[in-house]
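Morning, everyone. Please have a look at it first.

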Amino acid sequence: MRNETVNENRQDRKKKQIWTALFVLINIAVIAATAVNEFSGTPAGAFQFGFTRRALFFLGCTGLCLAVLLCAESLKYLLMMKFLGEPVSFRVAFETAALGKYYDCITPSGAGGQPFQILWLHRHGYSDGASSAMTISGYITMQAGFILLALGVFIAHRSVELEAIRYTAYVGLLLFSLIPCLLASFSFMPKTVKKIITAAIRLCGRLKLVKKPEETTEQVLGMLDSYHTSFSAIAKDKGTLLCLLVLSLIYRVALCSMPYFVLKMFGAPVSFLHIFASTIYIYATICLVPTPGNAGAAEGAFYLVFSAMGSEGVFWAMLIWRIFCYYSFIIIGGAVYGVNALRSRRARGGKQDG
């Protein structure tokens with residue numbers, strides 16, 4: 001048994017190393033490809049950029065978007081702490097939000113965020129039920145917020161530079177909506193949903209798409225049970241649920257406003273509504289790409305769509321956009337880890353002195 005555990009740990013480490021290497025290579029490849037595409041055949045000095053007051057203003061607006069979305073996500077946890085009768089702490093709420101985004105950015109398909117948030121809340125004295133309820137409710141309302149926003153954009157703004165992006169976005173949003181739809185259906189007709197899921201996984205097993213159908217069925221149904229139990233604790237209060245949904249919409253609007261401010265920073269003659277809608281299409285297109293933080297797909301889709309507008313400096317705009325909407329979460333998460341490590345070290349030092 002011990003040897004099997006050691007081998008499993010080694011295999012897990014190898015998988016993590018492979019994913020990390022793949023993530024780095026994809027980032028390098030996409031950035032290099034977009035750089036070559038933009039700068040090949042461009043005369044030296046054809047594009048010049050300076051940090052004028054206008055550029056600094058729009059850079060500040062991009063930074064403000066980052067601050068707004070982090071505050072919105074932190075407020076969600078503060079609201080849920082108060083509703084569930086748990087200790088209300090802005091520091092814990094902010095750290096939970098920041099570290100959730102950190103793990104979303106470094107794990108495939110963003111799968112590490114919610115499990116770590118539950119663990120982090122539990123470490124800080126929150127009960128198992130409250131930790132799960134807050135994390136799952138935050139996750140579901142975030143998904144619901146994006147679905148509502150995307151549906152509104154798809155109905156009101158069908159014009160996008162690349163038709164392939166538009167149709168891929170429809171498929172992406174449909175698949176992205178799977179978990180919220182399953183959860184909603186599970187609340188009203190649990191037996192029917194269980195039968196449908198079991199039958200679908202068995203079919204996938206016969207088609208050799210799933211290796212262990214019985215285990216997979218058990219895991220999926222267990223996940224739905226857990227999600228439903230955790231979410232129902234907060235979903236009973238419609239006012240709290242509405243506030244969480246509004247904060248999720250604020251988060252999404254702030255995130256999807258960043259490309260506009262970055263492009264305006266470079267003097268691009270673009271309108272807010274068109275860039276905002278195009279960004280929604282991009283996120284719907286890449287939401288199911290399994291690389292950490294949708295690496296590769298995000299950069300490529302942004303460059304393809306916004307270069308089609310004929311704006312100069314799109315490559316640099318892409319880099320700055322990714323710094324604010326992706327790498328900043330990794331930096332902030334690392335900073336939170338560092339501050340907590342220093343705080344723990346000081347606490348241990350104080351105990352020893354005492």
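I will start with the overall chain and then go through the salt bridges one by one.

This is a predicted model, so please keep that in mind throughout. The protein chain has 13 helices and 0 strands. Going along the sequence, the pattern is therefore α-α-α-α-α-α-α-α-α-α-α-α-α, by the DSSP assignment.

On burial: of the 354 residues in the protein chain, 45% are buried. The accessible surface of the chain comes to about 18900 Å², and 65% of that is supplied by carbon and sulfur atoms. As for contacts, take the ones between residues at least 6 apart in sequence: 75% of these join residues at least 24 apart.

Now the salt bridges. How many does a search of the whole structure find? The count is 3.

Let me take the pair in helix H2 to begin with. Lys76 forms a salt bridge with Glu73, and the closest N and O atoms are 3.5 Å apart. Both residues lie in helix H2, which covers residues 53-83, and they are 3 residues apart, about one turn of the helix.

The next pair is in helix H3, residues 90-106. Arg91 forms a salt bridge with Glu95, with 3.1 Å between the closest N and O atoms. The two are 4 residues apart in that helix, so about one helical turn separates them.

Glu95 has another partner. Arg343 forms a salt bridge with Glu95, the closest N and O atoms being 3.8 Å apart. Arg343 lies in helix H13, residues 314-353, and Glu95 in helix H3, so this pair ties together parts that are 248 residues apart in sequence. Arg343 is partly exposed, at a relative accessible area of 37%. Through shared partners, the salt bridges join Arg91, Glu95 and Arg343 into one network.

To recap the salt bridges: Lys76 pairs with Glu73 within helix H2, and Arg91, Glu95 and Arg343 make up one network. That is what I have; I can take questions now.

Key:
Residues are numbered from 1 along each chain as its sequence is written. This is a predicted model: local features need pLDDT of at least 70, side-chain atom pairs count only at pLDDT 80 or more; totals for chains, interfaces and linings use all residues. Side-chain values use heavy atoms; hydrogens and water are left out. Buried means under 20% relative accessible area, exposed over 50%, partly exposed in between (1.4 Å probe, protein chains only). Contact means heavy atoms within 4.5 Å. Accessible areas come from the Shrake-Rupley method with a 1.4 Å probe; for residues, only the protein chains shown count as cover. A salt bridge is a side-chain nitrogen of Lys or Arg within 4 Å of a carboxyl oxygen of Asp or Glu.
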